[in-house]
Amino acid sequence: MSNKINYPQLSKEVSYALRHAPWKYELELDKNGWVSVDQLLQAFHQSTEWQNVELDDLKVMIEKSEKKRHEIKENSIRALYGHSVPMKIVKEEAIPPKFLYHGTAHSFLSDIEKNGLSPMCRQYVHLSEDIETANLVGKRKDENPIILVINTETARAKGTSFYLGNEKVWLADSIPSEFLEELKK
Ligand code: HQG
């Protein structure tokens, strides 16, 4: 293991490979987004920046990260959410808490009110388990973000499915606007 590794930077590049452009690393994701760790390392070793990265570094990268973005199991690795690859990654359907949250920018609100939440450039809409997380997500786009509340019971009763991302992130194909309400701060 190298002690010179910039783990946030490594995490960004692993996310890029596993969420957005696996073909640039000669990787092929399986239907759940997994690739072999050996293949990923082999690809990363082609670049001078990552030529010393080992499995243990990937484990430290996951452990040190403020968000659980990746997961390693039986010598395979995958991104847990965020995908934009053309082939839709199959996520496990599950029953979420009664309320989920989505933090977003004021400038998107009128569009969202009209069209609901769409995945935009990604495969799924990303929802947060708690308001604090939604706020952090929203702050990426607006310093005082809007928080939308999703009543998942009503949405599920009317046919919306929810999928597991990580312990704080839930996914959905889309959320019609009738299930969205703005959180009054
Ligand atoms: C908005 C980060 C107009 C939506 C975060 C969002 C998250 C609409 C933006 C994860 C719309 C898409 C994903 C509509 C949705 N009209 N705008 N109809 N529907 N939008 O980045 O949820 O750090 O693709 O509100 O923490 O912000 O990368 O999605 O603002 O978990 O691990 O379109 O990415 O995780 O933006 O973030 P994004 P997101 P990482």
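The largest pocket of this predicted model has a volume of about 990 Å³. Here a pocket is an open set of points on a 1 Å grid over the protein atoms alone, where a 1.4 Å probe fits, with protein on both sides within 12 Å along at least five of seven lines. Grid points are joined across faces, edges and corners, and the volume is the space filled by probe spheres set on the points. Domain 1 (7-79) and domain 2 (99-182) both give residues to the lining, so the largest pocket lies between them.

**Ground rules**
- As a predicted model, it needs pLDDT of at least 70 for local features and 80 or more for side-chain atom pairs, while totals for chains, interfaces and linings use all residues.
- Residues are numbered from 1 along each chain as its sequence is written, and side-chain values use heavy atoms, with hydrogens and water left out.

**The pocket lining**
- The lining divides into 14 nonpolar, 12 polar and 13 charged residues; Asp, Glu, Lys and Arg count as charged, and Gly is among the polar ones.
- At least two lining residues come from each of β4 (99-104), α4 (109-115), β5 (125-128) and α5 (131-139), and α5 gives the most, with 5 residues.
- Helices (H or I, at least four residues) and strands (E, at least two) are DSSP runs, numbered from the N terminus.

**Domains**
- The C-alpha centres of domain 1 and domain 2 lie 27 Å apart; the bounds come from an automatic or database domain assignment.

**Nonpolar cores**
- A nonpolar core is a set of buried Ala, Val, Leu, Ile, Met, Phe, Trp, Tyr and Cys residues joined through side-chain atoms within 4.5 Å, where buried means under 20% relative accessible area (1.4 Å probe, protein chains only).
- The largest has 25 residues, and Leu 10, Val 14 and Phe 44 are among those with the most contacts inside it.
- Two or more residues of this core come from each of α1 (7-20), α2 (37-44), α3 (55-64) and β3 (76-79).
- Apart from it lies another core, of 16 residues, including Val 125 and Phe 179.

- Beyond its neighbours within four places in sequence, Val 14 is in contact (heavy atoms within 4.5 Å) with residues including Leu 40, Leu 58 and Ile 77.
- Ser 11, in helix α1, is buried with a relative accessible area of 7%.
- The buried residues of α3 include Asp 57 and Met 61, and they pack against α1, α2, β2 (70-73) and β3.

Notes:
Buried < 20%, exposed > 50% of the residue type's maximum accessible area, 1.4 Å probe, protein only. 1 Å grid on protein atoms, 1.4 Å probe; cavity = no way out; pocket = protein on both sides within 12 Å on 5 of 7 lines; lining within 4 Å.
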